[in-house]
Amino acid sequence: MPNIKSAEKRVLIARERNAKNKIVKTRIKNTIKKFDAAVAEGNREAAESAYKVAVKTVDNAAIKGVIHKNNAAHKKSSLTKKLNAIG
């Protein structure tokens, strides 16, 4: 444990941020899984709606700094390729 009061505060803040970031990352994973499930079914309409939600979630995470902007771009590119592959 830290001995200095400011160091104790930093530990608490780090725990809070870690918890918030974990929630956002889990939300990203879940939205991408829903999109992948819709693509696997071949349902274009469900995939498009899930795509919009997934892209929005990824963008918000990048804006908040939870994931890097290049990581967000990579995820969105992958989602777009999967969506376009549906005939």
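Q: In which helix does V24 lie in this predicted model, and is V24 buried or exposed?
A: The model is predicted, and V24 lies in its helix α1. The cut-off for a buried residue is under 20% relative accessible area.

Q: How far apart in space are V24 and K64?
A: Along the sequence, V24 and K64 are 40 residues apart. Taken from C-alpha to C-alpha, their separation in space is 9.6 Å.

Q: Where is I67 found, and is I67 buried or exposed?
A: I67 is found in the loop between α2 and α3. Its relative accessibility is 10%, and a residue under 20% is classed as buried.

Q: What is the C-alpha to C-alpha distance of I67 and N21?
A: In sequence, 46 residues separate I67 and N21. In space, the C-alpha atoms of I67 and N21 are 9.0 Å apart.

Q: How many aromatic pairs does the structure hold, and which residues form the pairing?
A: The structure holds 1 aromatic pair. The ring centres lie 6.0 Å apart, and the cut-off for pairing is 6.5 Å. The residues are F35 and Y51.

Q: Why is the pair of F35 and Y51 classed as tilted?
A: Planes under 30 degrees apart count as stacked and those over 60 as edge-to-face, with the rest tilted. The planes of F35 and Y51 fall in that remaining class, so the pair is tilted, with an angle of 50°.

Q: What are the relative accessible areas of F35 and Y51?
A: Buried means under 20% relative accessible area. F35 is buried, and Y51 is buried as well. The values are 0% for F35 and 19% for Y51.

Q: How many salt bridges does a search of the whole structure find?
A: One of the salt bridges joins K82 and D36, and another joins R44 and E48. D59 and K76 also form a salt bridge. The search of the whole structure finds 3.

Q: Which parts does the salt bridge of K82 and D36 tie together?
A: The side chains of K82 and D36 meet with N to O at 3.2 Å. K82 lies in helix α3 (residues 69-85) and D36 in helix α1, so the pair ties together parts 46 residues apart in sequence. Both residues are partly exposed, K82 at 34% and D36 at 28%. The parts tied together are helix α3 and helix α1.

Q: What separates R44 and E48 along helix α2?
A: R44 forms a salt bridge with E48, and their closest N and O atoms are 3.1 Å apart. R44 counts as partly exposed at 31%, and E48 is partly exposed at 33%. Because R44 and E48 are 4 residues apart in helix α2, the separation is about one helical turn.

Q: What is the distance of the closest N and O atoms in the salt bridge of D59 and K76?
A: The cut-off for a salt bridge is 4 Å. In the pair of D59 and K76, the closest N and O atoms are 2.7 Å apart.

Q: Is D59 buried, partly exposed or exposed, and what is the class of K76?
A: D59 has a relative accessible area of 27%, and K76 has one of 24%.

Q: Which residues gather in a patch of positive charge on the surface?
A: K20, one of the residues in the patch, lies in helix α1 (residues 5-41). At 56% relative accessibility, K20 counts as exposed. The residues of the patch are K9, R10, R17 and K20.

Q: How far are the C-alpha atoms of E41 and K20 separated?
A: E41 has its place in helix α1 and is exposed, with a relative accessible area of 63%. E41 and K20 are 21 residues apart along the chain. Their C-alpha atoms are separated by 32 Å.

Conventions. Residues numbered from 1 in each chain as written. Predicted model: local features only at pLDDT ≥ 70, side-chain atom pairs only at ≥ 80, totals over all residues. Heavy atoms only, no water. Patch = residues over 30% accessible without salt bridge, like charges linked within 9 Å, V, L, I, M, F, W, Y side chains within 5 Å. Areas by Shrake-Rupley, 256 points an atom, 1.4 Å probe, with all protein chains shown as cover. Lys, Arg positive; Asp, Glu negative; His and termini not counted. Charge placed at Lys NZ, Arg CZ, Asp CG, Glu CD. Helix = DSSP H or I, 4+ residues; strand = E, 2+ residues; numbered from the N terminus. Buried < 20%, exposed > 50% of the residue type's maximum accessible area, 1.4 Å probe, protein only.
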